[in-house]
Amino acid sequence: MKLRTLDDLDVAGKRVLLRADFNVPLNDGEIVDDMRIRATLPTIAALRERRASQVIVCSHLGRPKGKPDPAYTLAPIADRLTELLNVAVPLAETPLGPVGPGAPIFLLENLRFDPGEEANEREFSDRLASLGDLYVDDAFGAAHRAHASVVGLAERLPSAAGLLLQKEVSVLSHLLEDPARSFLAIVGGAKVSDKLPVLSKLLEHVDRLAIGGAMCFTFFAAQGFGVGRSLMEPDQVDAVRTLMHTAGDRLLLPVDVVVAEKPEPGVVTRTVPIDAIPEDLAGYDVGSQTCRNYVDAIRASATVFWNGPMGVFEVSEFDGGTRAVAAGIAKGSAFSVVGGGDSGAALEKFGYVDEVDHVSTGGGASLEFLEGKTLPGLVPLLV
Ligand code: ADP
Ligand code: MG
């Protein structure tokens, strides 16, 4: 898949509308993790180097439901951008401006303050497009949404992918097209129903597929094991059985799990083999033997893709599996790609972000891309 790039645009002297994905985690108005902001800095720098007359950046944040909501203002983002770029980044009062001519970089207020954004309304797109001469899309995390700032702008202005979007697409395409072998995917997370489509698709590409997270209990149930009070999706058992059949011996499942009464700090934990999960307890992490197996599998691979935590990594009692996989990938020599979302957050938490080749800024979008779905935001940017 090839997208138009900045080289295809004549940026000098033009007002460039840059769609970024600044949908960062906030806690009481404080930015918890600014990875997505930092990831767009190279594109902003490139546009300035190419002498854009003004870079007007826009993004959504959270789900304000089509009306202004102070809890979702982009003000903290404008402050962080000002800090990171060392140049004042004023924030417009609304998603449609006004944008003063003075500042070289401007941030529009949260796009989702206007109902026209998510509805991809013609009038909203027209008015947004009128603020710029060119459109650059760097919002991989929003590429699976047919919203005004994603598709509406690309249809109205000469457009190209920014450096981040370009990298996201080239790395993920590489996984599907010609990964170095052996290729291992490790998938965890909460719900197997969310991940089954990507698991099936990955099986067309990978040499091995390792499973962790709450998902594994549906796999155990499919083999007839009791899973106690662990999260399990009974209506997915048949689909999981089919997947297990397709995967054959390429599938790696946990051999032990950490069980407890509840996933809370300070709780008593115990590691048990997967055929001995007590009825009154639930599994919240993979066990130590499983960690060793998965780290061995990582070492034996030339390409590793990881999405979804191995356990309830937010609680230290249950972060061992996720930590082991993150460390194994970080310390190993395989070409490594981590899907965004909670696995990206885990990597950040354990301090390994700089040790992997690519951490996707798009959780949902990276999975949909790997599933082979058409992402509406990419279509208008194709060469
Ligand atoms: P991602 O965002 O990386 O795709 P998911 O959103 O699918 O991952 O899942 C992440 C969540 O799954 C985390 O909040 C984690 O606490 C939870 N989780 C992982 N393993 C378990 C488990 N065994 N029991 C309950 N929740 C789990
Ligand atoms: Mg998630």
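These legends walk through several close-up views of one predicted model.

The model is predicted, and local features are described where pLDDT is at least 70, side-chain atom pairs count only at pLDDT 80 or more, and totals for chains, interfaces and linings use all residues. Residues are numbered from 1 along each chain as its sequence is written, chains are lettered from A and ligands numbered from 1 in the order in which they are written, and side-chain values use heavy atoms, with hydrogens and water left out.

**View 1. Ligand 1 and the residues around it.**
Let us start with the shell, where a residue counts as near if one of its heavy atoms lies within 4 Å of the ligand. Ligand 1 is surrounded by 19 residues, and the closest are Ala 190, Lys 195, Glu 314, Asp 342 and Ser 343. By type, the shell holds seven nonpolar, nine polar and three charged residues. Here Ala, Val, Leu, Ile, Met, Phe, Trp, Tyr, Cys and Pro count as nonpolar, Asp, Glu, Lys and Arg as charged, and the others, Gly among them, as polar.

**View 2. Polar contacts of ligand 1.**
A polar contact is a pair of N or O atoms within 3.5 Å; within protein, one must be able to donate a hydrogen and the other to accept it, and residues adjacent in sequence count only if both atoms are side-chain atoms. Look for Lys 195, which has a polar side-chain atom 2.8 Å from an oxygen atom of ligand 1. A polar backbone atom of Gly 283 is 3.1 Å from a nitrogen atom of the ligand, and a polar backbone atom of Gly 308 is 3.5 Å from an oxygen atom of ligand 1. On its own, ligand 1 has 580 Å² of accessible area, and the protein covers 82% of this; such areas come from the Shrake-Rupley method with a 1.4 Å probe, and for residues only the protein chains shown count as cover. Strand 13 (282-286) and helix 12 (341-350) are the elements that give two or more residues to the shell. Helix 12 gives the most, with three residues. Helices (H or I, at least four residues) and strands (E, at least two) are DSSP runs, numbered from the N terminus.

Two strands pair if DSSP finds at least two bridges between them. Five strands line up in the order 5-4-1-6-7 as an open sheet with parallel pairing. Strand 5 (105-107) and strand 7 (159-161) are at the edges with a single partner strand each, so one side of each has no neighbour in the sheet. On average, neighbouring strands are turned by 20° against each other, direction ignored. Strand 1 (residues 15-19) runs parallel to strand 4 (residues 54-58), joined by five bridges. To find one of the partners, go from Val 16 to Val 55 in strand 4.

**View 3. A salt bridge between Arg 36 and Asp 21.**
A salt bridge is a side-chain nitrogen of Lys or Arg within 4 Å of a carboxyl oxygen of Asp or Glu. The whole structure has 17 salt bridges. In one of them, the side chains of Arg 36 and Asp 21 meet at 3.3 Å, N to O. Arg 36 belongs to helix 1 (residues 35-49) and Asp 21 to the loop between strand 1 and strand 2 (26-27), so the pair ties together parts 15 residues apart in sequence.

**View 4. Backbone details in three loops.**
Most residues other than glycine have a negative phi, and most peptide bonds are trans. The peptide bond from Gly 97 to Pro 98 is cis, with omega near 5°, and Pro 98 is in the loop between helix 2 (75-85) and strand 5. Asp 28 is not a glycine, yet has a positive phi of about 55°.

Methods:
Axes fitted to C-alpha atoms, helices over the stretch in contact; angles between N-to-C directions.
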